[in-house]
Amino acid sequence: MEAGDTFRRSYGSHLWVVVSDPGRDPNRLLIVNLTTVRSSCDPACILTAGDHPFVKHPSYLLYAGSRIVTSAELDQKVAAGQIILEPKMRGDVLARIRQGAAI
């Protein structure tokens, strides 16, 4: 996996993004998911249609639900069919996601 890679769990509908760079520390990858904007949400980073093929309506990064995982763990889940890879996040959008995480 690389920074900007996206995936969803085989049993879930939320898109997850690899935010940190596995080349710097493959044992501590920050992943965060996108959630539909409702009446209350974290405004640090909002994505809209066109930011990623998976995003069809306003969605926000649920930083409070982010996780730290290993690169090996993600690779194992891909091999086992537990997560499904989606298109990579564009660099400019990944930069916005990282800026939102810093907030």
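**Reading a predicted fold**

Modeller: Read along the sequence, this protein follows the pattern β-β-β-β-β-β-α-β-α, where helices (H or I, at least four residues) and strands (E, at least two) are DSSP runs numbered from the N terminus. This is a predicted model, in which local features need pLDDT of at least 70 and side-chain atom pairs count only at pLDDT 80 or more, while totals for chains, interfaces and linings use all residues. Residues are numbered from 1 along each chain as its sequence is written, and side-chain values use heavy atoms, with hydrogens and water left out.

Biologist: How many helices and strands does the protein have?

Modeller: The protein has two helices and seven strands. Its radius of gyration, taken over C-alpha atoms, is 13 Å, close to the 13 Å that the globule rule (2.2 Å times the number of residues to the power 0.38) gives for 103 residues, so the protein is as compact as a globular protein of that length.

Biologist: Is L94 buried or exposed?

Modeller: Buried means under 20% relative accessible area, exposed over 50%, and partly exposed in between, with a 1.4 Å probe and protein chains only. L94, which lies in helix 2 (residues 91–102), is buried, with a relative accessible area of 8%; across the protein, buried residues make up 37% of the 103 residues.

Biologist: Which residues does L94 touch, not counting residues up to four places away in sequence?

Modeller: Contact means heavy atoms within 4.5 Å, and with that exclusion L94 touches A3, G4, V17, V18, V19 and M89. For the protein, residues 24 or more positions apart account for 60% of the contacts with a separation of 6 or more.
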